[in-house]
Amino acid sequence: MTQEKLLGWKELPLGGAILEPGNSERRYTGDWRTFKPVILQDKCTRCLRCWIVCPEPAIYIIDEPYTTKSGRQFKFSVEVNYDYCKGCGMCVEECEPKAIDWIEEEK
Amino acid sequence: MESVLKVTWKRLPLSTNFAIAQAVKDSDVDVVSAYPITPQTTVVERISEFIANGELKAEMIHVESEHSAMSAAIGASAVGARTFTATAAQGLELMHELLHIASGLRLPIVMSVAARALSAPLSIWGDYSDVMNVRDTSWIIIIASTAQEAYDSVIQAYRIAEDPRVFLPVLVAYDGYAMSHTYEPVYVSEKSDAFKDYIPKNPRWYTLNPEKPITMGAMASPEWFYEFKYQQVVAMKNALDVVKEADDEYGKRYERKYGIIEEEGVEGSDITFVTYGGLYGTLKESIEELRKKGEQIGLARIRLFRPFPSEMLADIAEKAKALVVLDRAITFGVNISGPVAREIISSLYARGIERNVYSFIVGIGQRTVTEKDIIAIYEKVKEMLASHERQKESIYWGVRE
């Protein structure tokens with residue numbers, strides 16, 4: 001995870017104003033997590049409910065076909081971007097097939 | 001000198017509230033949002049009249065509370081509007097969290113406060129408890145002592161607040177009732193555009209504009225927050241010079257100026273009185289009597305409470321044997337409980353100046369302070385000074401046993 005250069009008070013815009021739009025991707029919120037969601041590719045039905053509810057959004061649709069152990073074929077996979085996932089657990093709560101594990105972060 | 005822009009003045013009988021309203025008009029304010037509260041209400045009522053009869057082209061936002069009044073003012077200032085609000089007492093307290101936001105976002109809002117005691121028990125009368133609570137919000141605090149000064153100070157306040165070295169909100173305070181409702185002759189400009197070169201409209205602070213989007217009020221995590229607070233520390237430091245410059249320039253252009261501390265007879269005085277607001281008038285009157293008897297008394301009035309003019313106060317203290325500070329507010333639970341007295345003591349400590357500073361609490365909830373009181377306080381201090389008595393705690397003058 002890359003860290004922003006910590007600017008001094010003279011270099012920072014007054015009052016914490018953020019002068020360029022769209023720079024939230026430079027803010028890595030992944031280190032907020034105490035638990036992390038892990039998508040179980042075999043259980044996941046690709047309904048994308050997690051993608052809808054993720055407030056970050058840190059659920060990524062990956063262009064990688066996947067065949068489950070039971071032989072079901074998907075044209076894409078669903079992954080969590082841990083650079084941004086804050087560990088809020090909304091995806092875990094909302095996942096209908098219970099295809100997201102909720103695992104405590106290790107020290 | 002190419003000075004004086006040929007301002008024609010008209011002399012009007014105005015209460016300080018009305019003088020403030022007049023200054024808001026003459027500052028060509030764009031947005032006013034306020035909620036009525038005694039003894040401030042007539043400020044905004046008069047502004048409403050100016051807007052209604054077309055003398056001031058501004059948006060008046062009627063809000064449901066002071067919390068909303070300050071919120072609306074923050075919004076207006078954040079899009080670059082010249083913004084004003086007025087309040088007092090509980091209204092100012094209700095605004096309190098927003099005061100930090102206005103200054104933290106570096107918005108040059110100007111607010112007038114008719115200083116009033118804080119409930120409970122309910123008191124609609126004057127003292128400076130409300131204003132002193134603004135101390136730690138990073139607002140610049142000017143305290144006027146006449147209606148004329150209040151008028152001039154509001155106009156100066158925009159020049160101070162909108163200075164890029166500052167970009168902080170300014171509070172202009174004055175005594176509730178004793179000033180807010182007392183009529184005095186006030187010179188106001190005949191024409192409303194008389195100050196447009198003194199306070200040109202040119203928002204240079206960060207503003208919200210869809211053409212060039214920015215984010216204001218975002219979160220700052222522990223590794224960032226401290227630097228933004230330090231920016232405010234520096235802005236406050238800068239403000240001392242900016243306030244002085246704004247006043248000097250005002251004096252040059254309009255031939256009225258006040259300085260940061262109004263003083264007289266402080267050179268070689270035995271005892272110098274220090275106070276603020278309308279009480280200074282009473283003090284001046286009372287001291288005349290004592291001076292006639294040959295007493296060496298200095299007088300100083302602090303016109304700026306934040307940033308605090310520590311160095312200037314230290315200079316004044318150095319010229320006297322002792323200082324008497326009359327405070328119209330109490331900071332509870334500490335031995336020296338006059339807010340200004342405390343600031344002076346720490347200013348002297350920082351400069352290594354050994355002077356007795358006697359802190360008196362007076363005029364709480366508008367308890368009358370008369371010439372007799374001042375003279376009795378003077379006698380008391382003389383006694384304490386003669387016996388080298390160091391004051392261990394503030395004296396609550398006139399409180400009944």
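The structure is a predicted model, in which local features need pLDDT of at least 70 and side-chain atom pairs count only at pLDDT 80 or more, while totals for chains, interfaces and linings use all residues. Residues are numbered from 1 along each chain as its sequence is written, and chains are lettered from A and ligands numbered from 1 in the order in which they are written.

**The sheet**

- Strand 6 (residues 140-143) and strand 7 (residues 170-175) of chain B run parallel and are joined by four bridges, and B:I143 has B:A173 in strand 7 as its bridge partner.

**The two domains**

- Chain B is divided into domain 1 (9-254) and domain 2 (261-396), with bounds that come from an automatic or database domain assignment.
- The C-alpha centres of these two domains of chain B lie 28 Å apart.
- In chain B, 26 residues of domain 1 are in contact with 20 residues of domain 2, contact meaning that the C-beta atoms of two residues, placed from the backbone, lie within 7 Å.
- On the side of domain 1 of chain B that touches domain 2, the largest share, five residues, comes from helix 8 of chain B, a helix being a DSSP run of H or I with at least four residues.

Technical notes
Two strands pair if DSSP finds at least two bridges between them. Helices (H or I, at least four residues) and strands (E, at least two) are DSSP runs, numbered from the N terminus.
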